[in-house]
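I opened the notebook to look up a few things in one structure.

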Amino acid sequence: MRNSAPLSFSSLHLLLFGLTFFAVKSVQADDPYRFFTWTVTSGDIWPLGVKQQGILINGQFPGPQIEAVTNDNLIINVFNKLNEPFLISWNGIQQRRNSYEDGVLGTTCPIPPGGNFTYILQVKDQIGTYYYFPSLAFHKAAGGFGGIRVLSRPGIPVPFPPPAADYTLLIGDWFKANHTDMRWMLDNGRTFGLPDGLLINGRGWNGNTFNVDPGRTYRFRISNVGLTTSLNIRFQGHMLKLVEVEGSHSIQSMYSSLDVHLGQSYSVLVTMDQPGFDYSIVVSTRFTSTVLTTTAVLHYSNSGGKAPGPLPGGPTIQIDWSLNQARSVRWNLTASGPRPNPQGSYHYGLVPTTRTIRLANSAPVINGKQRYAVNSVSFMQADTPLKLADYYKISGIFSVGSLPDNPTFGGAYLQTSVMGANYRDYVEIVFENYEDSVQSWHIDGYMFWVVGMDGGQWSSASRNNYNLRDAIARYTVQVYPKSWTAIYMALDNVGMWNIRSENWVRQYLGQQFYFRVYTPSTSWRDEYPIPRNALLCGRAAGRRTRPL
């Protein structure tokens, strides 16, 4: 029987809130809740002085910062006011036992125009620096991204004193073309040249000022949210003390500048130990034929004006420089992570691996159009999220095992590629790059240990030089040209997880696949059931989730 009068907005909001709260309370009780309401709209932005159609969250570009503490539950109600479907993903947030909320097209239905969806996330056993971004339809080229900070719980020791302030730097390349035009180019087999410029927190040259006091130390959380380009960052006249890498406390090494590859995040401490001036924070491109640069202002409270001297130069095309720096980034074994026990209490190097997976990227032309591939398979999106197809046992959408464990070096082809794996396996993954450009790989749902990287071709003998003691644990890793990178990863998170290039052109054109980590168990201790409020689309449309 249909009600004769609709619910008022306030009544409907309370009802939805109650249902959402009940849904998360039954699963993630006793940890704090933080509630967010976001409205996604299009609007004019001028990041490089040219008007573009940007994607705004609550009218902001970049979007609002998320502040959280380990184990917090984040309830984020997103209203899509765009004229096309929209999805948000959460770079580095592991979505423990809950890949339904990952916000990529293989796990989550897009929010339709005029619709809304409430993400129910938990930053379970995580600390550190992350970011969110729009994962659908090349929207990332228009904005819609923002920072995420996850602080340690009270009483959990942090291996450095509290900073005077905590700043976020979202750095990235930028194109003046609208994202719709860029998407049309990619769909028609065309790619882009160099970006038009670089941004820091959505603004160009000297568009941001960070106020500091002499003698004090500040934390800067740096994330490369760009589309195609590795970057280097440096602070004029100041050294950078690295303290955190994507949720792991690092050995506190000092650097004059830091390479930040696509999708990566770092935290550095910078002490204001110079005379009182305005200094430049400089960001420039790496491994590009033309070096692009942008700056922000580091303003001392006792500033006497612009600091004398030229801007500090940085590395440009030097690969060995970057490789050596990457090898110097190590795990702090004695520091506590999200729990009181030291990070090094897990001896990852003593656990025998159960499987080796070798993944080689390539750039084939398929059906006359530029594509990108993994082990000769260029990913093709399905009409239904793979996680929903798996849950409802809908046949004909994907096949587990459709991506081989090793490079074939054969002719490339299109496929909705899914690799299967068993829960609690411990795998070695080797990323092999036979191309002339730096690759950046991300794995959703996991962190992993970067046990080795080197030039040339990987072989079993390469294991003799693995770091099995204090390799950094992170979620995004670079692979240098004509080189390889090896990782160890414990498969402790059941679900359907996206493994992708963080070069957004390559990702869009097929350099990605899904990793199905499976257990026959139906216990909530292993995987949460489908969310009650899950959107259903494609061949899952019209089915039921769970009773409200």
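How much space lies in the largest pocket? About 990 Å³. The model is predicted, so I note the limits: local features need pLDDT of at least 70, side-chain atom pairs count only at pLDDT 80 or more, and totals for chains, interfaces and linings use all residues. I number residues from 1 along each chain as its sequence is written, and side-chain values use heavy atoms, with hydrogens and water left out.

**Pocket.** I looked up the lining next. It has 32 residues, and Gln94, Asp125, Pro338, Met447 and Asp492 are the closest to the centre of the largest pocket. By class I find 12 nonpolar, 10 polar and 10 charged residues in this lining. My terms: a pocket is an open set of points on a 1 Å grid over the protein atoms alone, where a 1.4 Å probe fits, with protein on both sides within 12 Å along at least five of seven lines; lining residues have an atom within 4 Å of a point. The volume is the space filled by probe spheres set on the points, which are joined across faces, edges and corners. Nonpolar covers Ala, Val, Leu, Ile, Met, Phe, Trp, Tyr, Cys and Pro; charged covers Asp, Glu, Lys and Arg; the others, Gly among them, are polar.

**Disulfide.** I searched the whole structure and found one disulfide (cysteine sulfur atoms within 2.5 Å). Cys109 and Cys537 form it, with sulfur atoms 2.1 Å apart. The pair links distant parts of the chain, 428 residues apart. Cys109 sits in the loop between β5 (88-91) and β6 (116-122), and Cys537 in the segment after β36 (512-518). The torsion about the S-S bond is about -90°, so the disulfide is left-handed.

**Strands.** Strands are DSSP runs of E, at least two residues, numbered from the N terminus. Two strands pair if DSSP finds at least two bridges between them. Six bridges join β1 (residues 33-45) to β2, and the two run antiparallel. Thr41 stands opposite Leu56 in β2.

I then turned to β21 (residues 355-362). Seven bridges join β21 to β29 (residues 426-433), running parallel. Thr356 stands opposite Glu428 in β29.

Terms used: Helix = DSSP H or I, 4+ residues; strand = E, 2+ residues; numbered from the N terminus.
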